[in-house]
Amino acid sequence: MPNPPDDHQGRARPPHVGVNVPDAPVGSLLLQVVRAHARVGTELLSDVGVAPPQEIVLLHLDAHGPLPQTELVHYLGRDRSTVTATLQAMERAGLVTRAPSREDRRAMTVQLTAKGHDTVPRAHAAWRELERRTTAHLTADRRAELLAALALVRDALNEGGG
C-alpha cells in the first residue's frame, strides 16, 4: 500500500477527509464516503492485478458468460470509448478476448480467458474485504438501515425533478 504524502516536513499526512460543503452535509459526506471506498477498493484490487472497473467486467462475464460489448457498455453505465479502453487493457492483460459476433459481424463479443476465470475468485475476495472494511463498525441492524437509506437516496436521485 502506498505511503501517504508528507507535509513538507517529512511527516506523513493522514488521508484527505474530503470536501465539506456546509449547505450540503449529506452530499459532502456521500462524496467523502465514495472517494474513501474507491481508494480502498483500488488498493485491494491492485493486489488482484486489476483496476476498477475491470473487476466488475470479470464478475459480470463470469455470471453471464460471453456477452456483446454493447451490453457491457449498458451494464457499466459508461460511454462506449471508455468501455472499449477498459476492454483493450483487459485484453492486453490476458483477462478477456473480443471477437466479432457470430450473429452480427459488426458487433463484438467479449468473453473471459482462462486467466480471467482464475482472477474471478480473487476479485470476489477483494469485494468481500471491501464490504467488511466498509461495514466493520456497524451492527447487522445498522447495516440493514444503511442499505435501505442508500436505496432510498439512489431512487430519489434517479427520479429526476424530485
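Me: Buried means under 20% relative accessible area, with exposed over 50% and partly exposed in between (1.4 Å probe, protein chains only). What share of the protein chain counts as buried?
Reply: By that cut-off, 25% of the 162 residues are buried. This is a predicted model, where local features need pLDDT of at least 70 and side-chain atom pairs count only at pLDDT 80 or more, while totals for chains, interfaces and linings use all residues. Residues are numbered from 1 along each chain as its sequence is written, and side-chain values use heavy atoms, leaving out hydrogens and water.

Me: What makes a set of residues a nonpolar core?
Reply: The members must be buried Ala, Val, Leu, Ile, Met, Phe, Trp, Tyr or Cys residues joined through side-chain atoms within 4.5 Å. The largest such set here has 24 residues, and Leu58, Leu61 and Met90 are among those with the most contacts inside it. Elements supplying at least two residues each include α2 (54-64) and α5 (114-135).

Me: What does Leu58 touch beyond its neighbours within four places in sequence?
Reply: Contact means heavy atoms within 4.5 Å. On that basis Leu58 meets Val50, Met90, Leu95, Leu112, Gly116, Thr119 and Val120.

Me: Which residues of α2 meet α5?
Reply: From α2 they are Glu55, Ile56, Leu58, Leu59 and Asp62; their partners in α5 include His117, Ala123 and Trp127. Helices are DSSP runs (H or I, at least four residues), as are strands (E, at least two), numbered from the N terminus.

Me: How many helices and strands does the protein chain have?
Reply: The protein chain has 6 helices and 3 strands, in the order α-α-β-α-α-β-β-α-α from the N terminus.
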